[in-house]
Each structure stands twice: as C-alpha cells, then as structure tokens.
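Visitor: I'd like to learn how to read a model like this one. Could you walk me through it?

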Amino acid sequence: MAEKVERLVNLTIALLEAPGALSLAELRRRTGYYTDGTPASTRRRFERDKDELRHLGVPIETVTLPHSEEVGYRIPRRSYELPDVELTAEEVAALALAVRLTGAEGTPLALAKLAARAPDPAQLELGADTRVELPPGPVDAVARAVLGRQRLAFTYRRADGSTAQRTVDPYGVVQRRSAWYLVGRDHDRDALRAFRLDRLASEPRPVGEPDAFEPPPDLDLAAAVSGPAQPGVEVTLAVTEEARWAVELRGGRDTGRRHEDGRAVLTLEELHPVRDRAWILGLAGAVEVLAPEQLRAEVAAGFAAVLAAHDGAATGTDGDTGAPDGDTPAPDGDTPAPDGDTGAPDGDTPAPDGDGGGSS
Amino acid sequence: MSAAQDVARMLTLVPWLLERPGASLAEAAAVFGVDEDTIRDDLGHLDFCGLPGLGGGALFEVTLVEDRVVLTMADELRRPVRPTAEEALRLVVSVDAVAEALGDELPALRSAVDRVRAALGIPERSADVLEPDGVAALPLLRRAVREGRRVELDYQGRGDERPATRHVDPWALHVVDGTWYLQGHDRSAQQRRVFRLDRVAAARLTDAAREVPPPADLPPPRYVPGPEDLAVTLELSPRGRWVEEAVTADEVVVHPDGSATLHLRTDAPTWVARLVLMAAGEAVVTAPEDLIATVVRLARAAV
C-alpha cells in the first residue's frame, strides 16, 4: 500500500511536470514504475492507477502522440490546479465551523483545498451550541451532471412502487426535510419535475454532451419540491384557541374577526391544495375551512374517506374519496409528506429510559 | 482508509504545508479531519515522492522537528487539485444548510458561500437547502442556550391534545432532517427531553439560570421505539405510502399491487391517529381496535 500511495503521487507529478504528453514507454523510463511483469499486466496496472487518479479529480488526458500511433498521457496544469480563492480569515473560520457543524463526510478535504493558500482561520465563537445533521451523500449520484449541465437518464420508482424510465435535464438539488430531490425538466412529460434521490432505481447515466441546456431564468427550486401553490387564493379558517398556535406556525394570520360560534378567524395568504388539506385533516375538529369552497369540500371528503375505510357502515360516501384526481400536483406524483410530521425522528422522548447521559 | 483517499489528502497536504512552514501535526490533522498519526504516515510517504530521475531524482524534503513540519522541494504540487464535482456540491449544500440554520448569526458565512460557489463554478440556483421548520421560537431559544437561562415552553407533544407548560434548562439546538430540535433538562420530568420546535406554541425566557448543565456528549435526537409502546398495524394504499416515511416502522410488507402493510410501535397513539386522518383514507388502521375507535371518533367529531 505504501508503494501504491507513492506511485500514484509520483505518477501525478511526472505527468504534471512533463513538457508534453508521455507514452507509457516513456513513463516507464522516467519513473521506473510499470516495468515489473508482462507488458499486458503492467499496462493493466497503469490503467487502474489512471482511473483511480481520475476518480480523485486528477485530470489525466489521453492524446495521440505526434509522429506515431501511440497513446500519450498528460495532466494540463491549468485543469489540475485550483486557482487561488480569495477568502478572509473570518470567512475561512466560518466555513470551517459550518463543515464541523454538519460533520458531512468528504467536506473537510474540499474545504482544505479551497483554503490551502488562504489565511488561517480567525478565532470564532458561536454563542449557542447548534448542530446541523445533513448527510449529503445522495447528491453524489447527480453532482457531475448538475454542475456540468449534462442530461441524465434513470429509472425512477414512484411512491406507489411503479417504475419508469426518465430523461431529465438536471437543474439542481434541493434538500427538504429528510429528503434530497433532483429538480429538472422531464423530457417525457415536457415539464418541470422533482425526483426524490432515494427513489432512483438505477444509477443515473449521462446522455449526450456537457453544457447541453440552460435552466430557465425563473427557476425556483424550492417551489418545485413544495408542490404548486395557488397564489391569490386566500384560505380562511375558523380556529379553536388550542389550535391557534399550530395554524400560526403554518403562516396563519389573525384577522381579528370572530366566527359566529366565537372561534377566531385566521387566513393563509395562498393555497397549497395537497399540503393544506393534509394538515387541516390532521388537526381534525380544531380547524374548520370557511373558504375556499373547494378546500372545504376536499377536507370533508377526506374525513368521509377515513370513516368509510375504517367503518364502512358509519357514513354513506358518494364514492368520491377526496383523493386529488389524476395527475397529483405534488412533486412527480408523490404526495409530499404533509407538513409537520415527516420522516424526522419524532417528538418528545428520545429514549424511553432517557437518563440524561445521552445514551439514546 | 483506502490508498486513494490517502493520495487525495496528500495532494492537498503538500500545498497546505508549503504555505505554512513549521505548521504542527495537530494543526494539519484538524484541517484534514484525520488524526496525527495519519499525517505522520503521509509525511513518511511524501519523503519518497517527487520528480523521479537519474540518481534518485529530485525528491521532496520533509523535516519533522518535534511536532513541527517543514516541507521543501515540492513546488511541483504548489497548488491543490480542484475538488471533484461530488466534493464541490457536498461542500456547498453543507455550508448552505448551516447558513440557513444560523441565519444572520454568522455573516461571514454568507459572503464565503458566494466566493466558494464562484471558485468551484457552481451555477446559480443549482443547490438549495430549505429553511428548517419551526423557526418562530428560535431566536429566543438560541439566546437561552447562549446565556444559560431557563425557558418556559408551551409545548404540545405528539401524544398531547393541547399545549402544556414545560420548564426546561436548555442545552443545545439541532437540525435533524430539516427540523429544529431543542434538547434540555425537563424540570418536571427530571430527565433529558427533546422538543421539536414546530410543536412549541409559545416560549418565554426566564431570569433563572440553568441549573442542570449539558452532558459532555450530547448526541442528536433519535426516536427509539420502546418495548412498552403500542403495536400498530396500518394498511397503506399505493398513494398512502408516504406514511412510511413519517414513522419509524418495524416492518413494511409490500404487496404486488404496490400497497403495503406497515407495523410500528408508538408511545403516542393519538399522533398516529392524526397521521391516518392526514392520509384521507389512503392509510387504514387494522389493529389495535382502540386506535381504530380513536380515528373514527376524531373523524366523526370533525364532520
């Protein structure tokens, strides 16, 4: 292993320092490596080393050598080297703190590269103990295509388990609650779609050349994963005192008015049809939809569907299950997890026998 | 650690050391997120690296005195290799997440993010981390943790029908999966407790000092189902499969038509009942009977 580490570093240096591309024969002569074995086996060893270095971001280019049929290798210094990044000592400190707070794998090295030639970090104290958990691993699968603007093809599994082949211009990645999404233009549907990265059923495959598209100027990644809103449609709710805080947390504003039975009347600026229906159903009994009529009807149908499913004899439903029909307006046919309760670890007691010692 | 990871680090360690003659092993270890022995091993390798050639070539010179390092003759690697696309995107989303969580508390981070994006060629709007939920009480709680002051929370736990007042010695704030949590010592429960900020109806800062200090090691909150919890079975239609992600399931059995049977345990049955209501008929409780009754009661009361 010691030998391999040194061989990979020295191969990098030899190719960086050579005045032009080198053939394998010339590399053998200059470095003394790849000489121990048959020509075929040493060639294979070199190819493996080359692939490993490329994987680390070392740009080894393959060219045809002039005046011969032979393949040559080179590392152009300008593609290898990271230009100096102008960062102040405070900025380096802030970045180092951010990397430490997330503890995300691989990020310390990326920061070390950026800050290798920048000032050492300033002293920095963050008042409150704060940590941010955000495993960014899922973005790896699409990173190259997103940054290189290259089209991707993959198999996608919808929430209902069905799979389909998709071809997408990958515009960007978004983290929302516990999930990572890829947002892009879906060629088969000719529309903007959000795909959960944990539902890719195949390794995404680049299709065509880099720089193949330009995202639309009005792209809003956050809106793409939150599902469509209907701005201009105000939601009016009658809310019990107990539930007032929960509605305010979701953007509800007190109108100062009272419903006929004395409950407070709160409004939401815009309607998110899927999301709003879900959390209002979850607050059963504490919140009543006064307007719009469509949401009021969907919430009523939702309760009817719950009753029909749990106690068929309890109510007569007219067959409308209240499910949004056809093409769900949520990200790519996924019902977005309704607000407030998602995959996040829940609530109150971290461990049944929580002893304060952090044993959970 | 693989040889490739060692190589990736060493290609950056060289320019870092060239910029900092006399840097200590500890400083290098902290920057690269490894231990000092790893840096020592790296230096051992670098002693055999350089431009090969006749008569041994021109190798790097590594001098280690006590724990101070001087590296010379290594100008071939005077600048770091560019981060890969994966490293670049990971770094930017991680830093974005912290910037989103800390708000204006760390102004240098905002300007740093812009410079990093520009240096790495990360296009505008190619990565976004949405603001965690439950931020209303955040400024007050942050201040309480910083100043070590007790807080009063009107808190509605998962199993509660309405908020109740809790007296808490606050310890730390965590963002887990895009949601804010406060950890602290609950004075009435006399135990460590975790509070989801989007269940805090109101928070008040008191003048009392925090009495129970945070433990040295405070892991992020994780819900662990207990043996006393209620066992629940849910039938999910294909459209109701999102419910799986809202709970910690013991077992999920997926059927050929895309529907699923979900087994879970909970210490808060009413919370599960409300989750079932949210699914509007796409999730059905099949056991226990009591929970079915709760769902029906809540739905009846609402219509």
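This is a predicted model: local features need pLDDT of at least 70, side-chain atom pairs count only at pLDDT 80 or more; totals for chains, interfaces and linings use all residues.

Visitor: Fine. How many helices and strands does chain A have?

Guide: Chain A carries eleven helices and twelve strands. Burial comes next: a residue counts as buried if 20 or more other C-beta atoms lie within 10 Å of its own. In chain A, 44% of the 360 residues count as buried.

Visitor: And what share of the contacts in chain A with a separation of 6 or more comes from residues 24 or more positions apart?

Guide: That share is 60%.

Visitor: Now the interface. How many residues of chain A are in contact with chain B?

Guide: Contact here means C-beta atoms within 7 Å. By that test, 125 residues of chain A touch 126 residues of chain B. On the chain A side, helix H1 (residues 2-17) gives the largest share, with twelve residues. Sorted by class, that side of chain A holds 66 nonpolar, 34 polar and 25 charged residues.

Visitor: Which strands pair across the two chains, parallel or antiparallel?

Guide: Strand S5 (residues 163-176) of chain A and strand S6 (residues 127-129) of chain B run parallel, joined by three bridges. To find the spot, look for Gln175(A), which sits opposite Val129(B) in S6(B).

Definitions and conventions: Residues are numbered from 1 along each chain as its sequence is written. Chains are lettered from A and ligands numbered from 1 in the order in which they are written. Two residues are in contact if their C-beta atoms, placed from the backbone, lie within 7 Å. Helices (H or I, at least four residues) and strands (E, at least two) are DSSP runs, numbered from the N terminus. Ala, Val, Leu, Ile, Met, Phe, Trp, Tyr, Cys and Pro count as nonpolar, Asp, Glu, Lys and Arg as charged, and the others, Gly among them, as polar. Two strands pair if DSSP finds at least two bridges between them. A residue is buried if 20 or more other C-beta atoms lie within 10 Å of its own, exposed if 12 or fewer, and partly exposed in between; C-beta atoms are placed from the backbone.
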